Amino acid sequence: MGEMGDDWRSVRPILKEESQQRRQRNRDRSASVLTVHSVAFHTLNGGAHLVIEHAGKTVDFWPGTGLYAPRGTTKRGRGVFNLLRFL
């Protein structure tokens, strides 16, 4: 593959580690934001998935990526602050 393939093989683990750290930071910060705004949630899968029941709505939220999905709809959104506006 040559130098290009060798470069990618050396960079890929670094990028993967950065991505994992970013998702963990997002999980921690999003849970804090929800707590500060008095939004109760159930933690699943070590914090990778939160189930929020608020104002008669149930929403699945994956804080690492910011994806949220209200149950019973096909709506999807991203971001903890957009989620707060939805609630």
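The side chain of His-49 makes a polar contact with the side chain of Asp-60, at 2.9 Å. A polar contact here is a pair of N or O atoms within 3.5 Å; within protein, one must be able to donate a hydrogen and the other to accept it, and residues adjacent in sequence count only if both atoms are side-chain atoms.

Before we go on, note that this is a predicted model, where local features need pLDDT of at least 70, side-chain atom pairs count only at pLDDT 80 or more, and totals for chains, interfaces and linings use all residues. Residues are numbered from 1 along each chain as its sequence is written, and side-chain values use heavy atoms, with hydrogens and water left out.

His-49 sits in strand S2, residues 49-54. Strands (E, at least two residues) and helices (H or I, at least four) are DSSP runs numbered from the N terminus. With a relative accessible area of 17%, His-49 is buried (under 20% relative accessible area, 1.4 Å probe, protein chains only).

Now for the whole protein. Two helices and five strands make up its secondary structure, in the order α-β-β-β-β-β-α along the sequence. The protein is more spread out than a compact globule, because its radius of gyration is 17 Å, well over the 12 Å that the globule rule gives for 87 residues. That radius is taken over C-alpha atoms, and the rule is 2.2 Å times the number of residues to the power 0.38.

| Property of the protein | Value |
|---|---|
| C-alpha trace along the principal axes | about 60 × 25 × 20 Å |
| Buried residues | 30% of the 87 residues |

Key: Buried means under 20% relative accessible area, exposed over 50%, partly exposed in between (1.4 Å probe, protein chains only).
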